Amino acid sequence: MIGLLASLLDGVLIGAVYGLAAMGITLIWGVMDVVNLTHGSLIVAGMFAVYALAGAAGLPVYATLPIVLVGAFLAGLALYWISVHRVIGQPPLMSLLSTFSVNLVLVGLGTAIWSTDLFNVPASLPGFSLGRYTFPGTHLMAAALTAVIAGVLYLFLYRTRIGKAVRAVSGNREAAELVGIPTSQVLALAFGLGAALAGVAGMLIATMFPFTVLSGDAYQLKSFVVTVLGGLGNPTGALLAGVALGLVEGLTTPFVPVSWTLVIEFVLFVLVLIALPGGLVQLWPRRRD
Amino acid sequence: MARRPFFWIIAAVVALFAALPALGNDIELRESLLLAAIYVTLASNINMMLGYAGYVNFGSIVFFGLGGYLCVWLMGSHGWPLAAALAAGGVAVSALALVFGLGILRLRGVYFALATIGVNEGVMAFVSTFQPWGGSSGIYLSPALFQPLGGPARALWIIYYLLVAVMAASLYLSYAVKRSKFGLGLLAIGQNEDAAAVLGVPAPRYKAMVYSLSAFLPAIAGGLYFFKSAFIQPPDAFDLQLSTETIVIAMLGGQGTVVGPAIGAFLYEQLRGWLLTSESFSHFQLVISGVLLLAIVLFAPGGLMGWLYRRWPRLRGILE
């Protein structure tokens, strides 16, 4: 019983990081109606960045966070101007295909450089014991950092002028343009932020689990599941849904082989899309903001 | 049908495919054309989703892989003859696609595309853990299974001709669908799904139907392909590379046209042969597919056929 409880609590910690990754997808989706299929690659880029910085350059693992954040943000800006800017406002097929093709390039480069070997980041923190079970310190740290980043993002979106511009463009791009908001720059900024969230999520995942160049697909799928659970375009919902998905994983891991997790999550994804297309937040009354 | 020039173009291409390697008994040419036939089959089937209905299916390789698995498994573990195993594989995968399609038919646009990624991951995870199919180590076929076809050498020729037939059937199917009321409905969905629905196109049903239809021939091609290699394993059956190449080919030739995917397959096969032989590029196949696809999406979304049609509008009356 205590084992199940511990598994659930650990699921919540890991789920918070899934939520962080999904906030990146949902932010980009909400602001520009683009599903970012480079998301998985950005997560992997975050993983390898921390591997390179902490492993080869010898920085403390958590000191790499700001570097990963800024690097992924800049990568996101570049990706926006390369692959997304020209297809804004076109049918969704086009942005899907363009981000998909950039993803191929990134995966191809990654496999050419690192092949598909398993990598590890040497992160160790003192854990927290509950009876016979010990929560790894890295999981606690990841969840704590997620909470901090989510809080900063909230303050940015709701307490700053630029954040207000992002929300305005998200609400109605043409109207935002009419009142003098430089929408292209705002879209690029939002894409960069989404990419930064993906990169940091990848960095935090790398401190918890081993990874390969191809790990991105699984985490990207999880991010989609979480995004849909939380309602597309809703960052708070994404964070909560991430925790919910972590709970589901915590609940299933003691009973089901790990390789089945993705199948279960996919079934969940389709069920939610069919039954509750607005996400779990539909279940409670909407707060006006 | 037989009066339209287009029908004769297809017939001539297929005759060429059938005759070329047989004339000189050229094994190398046959292998290269066999791959081209698979490309054409996969690309023209994905084109019915992508080009006609405007729905991108990132998981089309699932049909190919599952068809391969069913065929190999029925022949290896249950002693079915090739024809029966192929037919059963095609029908079963098509039926499964219909079930998936009915499950995800209510999803539109992007949601549908995301669901197809999920189908891909879900099926792969399922097959890698499914013990009757050997889990992650796959299934091997005994060489004795080639005996009923007259020995391995003759069996390979038979498989080649069957694949050419599957390719011809794909082109014909793609043409027949485009000419039909069903195809018109799909094209309308591709233009504007809401308007199509208002005008009485049963969009969800049509989407599920085309999803299932586009599964049938790739499943048979998969069966033939993996029977030929006498071995199947999850990474080969659900190869990301092949799945992407299919989309690249359909876009390169021109989505929504019948000949586009065929021309795209030919061009891509040439390009690929050239890339494989040059040492420095062979590691970067995914990168090159990606750059190519990005360039097409951004600068020439109509593909080669779109360009030809703009250049010579009269071609529209001859080609499809």
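Which residues in α12(B) meet α14(B)? This is a predicted model, and the answer can be followed residue by residue. From α12(B) come B:Val259, B:Gly260, B:Ile263 and B:Gly264. Their partners in α14(B) are B:Gly303, B:Leu304 and B:Met305. By class, this contact holds 4 nonpolar and 3 polar residues, with no charged residues. The two helices span residues 259-277 (α12) and 303-311 (α14) of chain B. Their axes come within 8 Å. They cross at roughly 115 degrees.

Next, the contact between the chains. Chain B contributes 34 residues and chain A contributes 31 residues.

Now the interior. In soluble globular proteins, nonpolar side chains tend to be buried together. Here the largest nonpolar core has 203 residues. Helix α8 of chain A, residues 183-208, gives the most to this core, with 17 residues. The residues with the most contacts inside the core are A:Val50, A:Ala190 and B:Leu163.

Take B:Leu163 as a point to inspect. Set aside its neighbours within four places in sequence.

Terms used
Residues numbered from 1 in each chain as written. Chains lettered and ligands numbered in written order. Predicted model: local features only at pLDDT ≥ 70, side-chain atom pairs only at ≥ 80, totals over all residues. Contact = placed C-beta atoms within 7 Å. Axes fitted to C-alpha atoms, helices over the stretch in contact; angles between N-to-C directions. Helix = DSSP H or I, 4+ residues; strand = E, 2+ residues; numbered from the N terminus. Nonpolar A, V, L, I, M, F, W, Y, C, P; charged D, E, K, R; others polar. Core = buried A, V, L, I, M, F, W, Y, C linked by C-beta atoms within 7 Å. Buried ≥ 20, exposed ≤ 12 C-beta atoms within 10 Å, placed from the backbone.
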